[in-house]
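Here is a short briefing for a first look at this structure. Keep the sequence and the 3D view at hand while reading.

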Amino acid sequence: MANIKSKKKRILTNEKARQRNKAVRSAVRTEIRKFRALVEAGDKAGAEKQLRVASRALDKSVSKGVLHRNTAANKKSGIAAAFNKMA
């Protein structure tokens, strides 16, 4: 444990940020998982709605600084490709 007061504060701040990032990342993964389940089930209408939800979640995670923009773009591209293969 740090001895300097500012470092002690920094440790607490970092932990809060880590928990927040973990929650956002988990939510994004859940949305992508829901999308993939709908694709497997063959529900095109549901998958289209979920594609929008998942894409929005990815964009939000980028704006919050949780994911890198290229990582999110690659994930969005992957789920869009999976959706297009359904047709």
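The model is predicted. Helices α1 and α3 pack together at about 15°.

**How α1 and α3 pack**
- Helix α1 spans residues 5–41, and helix α3 spans residues 69–86.
- Their axes lie 10 Å apart, at an angle of about 15°.
- That angle makes α1 roughly parallel to α3, because angles under 35 degrees count as roughly parallel.
- The crossing of α1 past α3 is left-handed.
- On the α1 side, the contact uses I32, F35, R36, L38 and V39.
- On the α3 side, the partners are K75, I79, A82, F83 and M86.
- Eight residues of this contact are nonpolar, two are charged and none is polar.

**F83 up close**
- Leaving out residues up to four places away in sequence, F83 touches F35, K44, A47, E48 and L51.

**S55 in α2**
- S55 sits in helix α2, which covers residues 44–63.
- S55 has a relative accessible area of 16%, so it is buried; the cut-off for buried is under 20%.
- Beyond its neighbours within four places in sequence, S55 is in contact with K76 and I79.

Terms used:
Residues are numbered from 1 along each chain as its sequence is written. This is a predicted model: local features need pLDDT of at least 70, side-chain atom pairs count only at pLDDT 80 or more; totals for chains, interfaces and linings use all residues. Side-chain values use heavy atoms; hydrogens and water are left out. Axes are lines fitted to C-alpha atoms, for helices over the stretch in contact, and angles run from 0 to 180 degrees between N-to-C directions. Helices (H or I, at least four residues) and strands (E, at least two) are DSSP runs, numbered from the N terminus. Angles under 35 degrees count as roughly parallel, over 145 as roughly antiparallel, 65 to 115 as roughly perpendicular and the rest as oblique. A crossing is left-handed if the near helix is turned anticlockwise from the far one by less than a right angle, and right-handed if clockwise. Contact means heavy atoms within 4.5 Å. Ala, Val, Leu, Ile, Met, Phe, Trp, Tyr, Cys and Pro count as nonpolar, Asp, Glu, Lys and Arg as charged, and the others, Gly among them, as polar. Buried means under 20% relative accessible area, exposed over 50%, partly exposed in between (1.4 Å probe, protein chains only).
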